[in-house]
Structure formats: C-alpha cells, structure tokens
Amino acid sequence: MIDLLTVHGALDPFYTGVLRASGATILASVVAFCIGLLLGTLLLLARVKAATPVRMLARLYVSVMRGTPLLIQLLIAYYVIPSVLGLELSPIEAGILAMSCNTAAYISEILRGALTTIPRGQGAAASALGMKQGVTWLYILLPQVFHRSLPPLTNEFTILLKASSLLSIISVAELSALARDANLQSNLPLQVFIATAAVYFIILFCASSISRLVERRIARVLPNAR
C-alpha cells in the first residue's frame with residue numbers, strides 16, 4: 001500500500017517536503033488575509049466616513065487593485081518596490097505584501113456590501129443615545145458587518161489561498177513549487193498533481209469548517225445580528 005502511494009519511492013521528495021510547503025502556503029495566506037482584513041476595514045471607513053479626497057483615493061485604490069492581475073502585482077512587489085524604495089524583501093515578504101494589498105480591495109467591497117444591509121436607524125439610535133461615532137462603529141456596526149461578512153470572507157480566503165500558488169513565480173517554496181519540482185524529478189505528473197490537489201482540498205476543508213464553527217459561536221453571542 002505504501003509502495004502504491006509513493007509509486008515505489010518516486011514521490012518521496014514530494015511527501016518529504018509537503019509539510020514545509022503546506023506551512024509556507026498557509027502562513028502566507030493567513031498573514032496576507034489578516035493584513036488585508038485590517039486594510040479592508042480601513043478602506044471601508046475611508047469610503048463611508050472620510051472627506052471626499054480620501055474617499056476618492058480609496059475608490060481609486062480598490063479599482064486599481066481589482067482591475068489588475070495579482071501576478072502583475074506580485075512581480076511589482078518583488079522587483080519594483082524594493083528597488084524604488086530601497087527595501088530588501090524576501091520572496092515570501094513580497095508575496096505577502098502583494099496578496100495583502102490585493103485582498104484588501106476585495107474585502108473592503110465585501111464589508112461595504114454587508115454594511116448596506118444594516119438598517120441606518122441603528123446609527124441614528126446610537127447617536128440619539130449620545131454615543132460617539134467611534135463607539136458606534138466599534139460596538140454596534142462593525143461586529144454586525146463582520147458577522148454578516150463571514151461566508152463571503154471565507155470564500156475570499158479560499159480564493160486567496162488558491163491564488164498563493166502564484167508565489168512560485170517569485171521562488172517561494174510553497175505547494176505549487178513543490179509539486180513542480182517533484183514532477184520534474186519523478187516524471188509522474190498525474191500522481192504529483194492529484195496529491196497536491198488533495199493537500200489543497202484538506203487545507204480548504206479545514207478552513208471552511210473553522211469558519212462555520214466561528215459563525216455558529218458568533219450566532220450564539222449575537223442571535224439578532226442577522
């Protein structure tokens with residue numbers, strides 16, 4: 001059975017490196033998503049509460065990031081930004097930078113869509129009770145926005161994780177790079193890429209399960225949030 005799974009040892013290089021490559025894939029995706037969530041929230045606030053120039057800049061940023069391929073953004077982050085700003089970025093740092101900036105634009109749109117489903121009367125009621133705008137956003141609006149955004153945010157994370165395969169272009173040793181190298185060494189593309197797809201599926205299945213668990217927990221705390 002073991003010989004069948006490893007094709008008589010030909011896939012050993014893949015199985016030897018799969019944990020490290022999976023770790024790199026998950027690390028890059030999770031860090032990029034967390035940074036993107038923070039930036040996306042700031043973009044949301046800029047688009048709905050800031051002065052007109054800032055609002056227009058936020059809209060322009062979202063349009064540019066959504067209107068250009070992530071691959072081009074990765075190449076800019078790896079080859080252009082370090083030379084222009086005099087920075088030294090490792091491949092994974094440049095990859096996380098590009099993925100964060102890209103997903104922030106999409107997350108801001110997801111959060112903005114969720115915000116539009118919240119009755120405007122809630123903000124007016126909070127204001128009538130003497131709550132400041134910052135407090136209203138922190139304790140009333142944003143918790144509901146995040147709760148209502150959980151399913152699309154999970155979807156955005158799955159898209160981001162699958163897009164992390166592009167990091168192999170800038171020499172990040174993640175799953176796709178491992179699969180490419182293992183295929184070159186073993187000349188067994190069917191087995192290698194099926195095994196790689198299985199690893200991606202397991203990671204995304206775990207992410208979806210965690211998301212559903214978090215959603216149920218939040219529903220218990222905020223039963224009337226939807």
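Helix axes here are lines fitted to C-alpha atoms over the stretch in contact, and the angle between two of them runs from 0 to 180 degrees between N-to-C directions. Keep that in mind as you explore this predicted model.

**Stop 1: two packed helices**

Select residues 91-115, which make up helix 5, and residues 133-163, which make up helix 7. Two packed helices are described by the angle between their axes and the distance between the axes. In this pair the angle is about 130 degrees, and the axes are 8 Å apart. An angle between 115 and 145 degrees is neither roughly perpendicular nor roughly antiparallel, and helix 5 and helix 7 are therefore oblique to each other.

Now show the side chains where they meet. On helix 5, pick M99, T103, Y106, I107, I110, L111, A114 and L115. On helix 7, their partners are W137, V145, F146, R148, S149, P152, L153, E156 and L160.

**Stop 2: aromatic pairs**

How many aromatic pairs does the structure hold? There are four, and we will visit some of them. A pair of aromatic rings is described by the distance of the centres and the angle of the planes.

Start by selecting Y78 and Y79. Their ring centres are 4.8 Å apart and their planes stand at 75 degrees, so this pair is edge-to-face. Colour by accessibility if your viewer can: Y78 has 23% relative accessibility and so counts as partly exposed, while Y79, at 52%, counts as exposed.

Next, select F201 and F205, an aromatic pair that is stacked. Here the distance is 6.1 Å centre to centre, with 25 degrees between the planes. Both residues belong to helix 9 (residues 189-221), where they sit four residues apart, about one turn of the helix. F201 counts as exposed because its relative accessibility is 56%; F205 has 47% and so counts as partly exposed.

**Stop 3: a buried threonine**

Finally, select T25, which you will find in helix 2 (residues 12-49). Is T25 buried or exposed? Its relative accessibility is 0%, so T25 counts as buried. To see what surrounds T25, set aside the neighbours within four places in sequence and show its other contacts: L161, S164, E174, L175 and Y200.

Technical notes:
Residues are numbered from 1 along each chain as its sequence is written. This is a predicted model: local features need pLDDT of at least 70, side-chain atom pairs count only at pLDDT 80 or more; totals for chains, interfaces and linings use all residues. Side-chain values use heavy atoms; hydrogens and water are left out. Angles under 35 degrees count as roughly parallel, over 145 as roughly antiparallel, 65 to 115 as roughly perpendicular and the rest as oblique. Contact means heavy atoms within 4.5 Å. Rings of Phe, Tyr and Trp (its six-membered ring) pair if their centres lie within 6.5 Å; planes under 30 degrees apart count as stacked, over 60 as edge-to-face and the rest as tilted. Buried means under 20% relative accessible area, exposed over 50%, partly exposed in between (1.4 Å probe, protein chains only).
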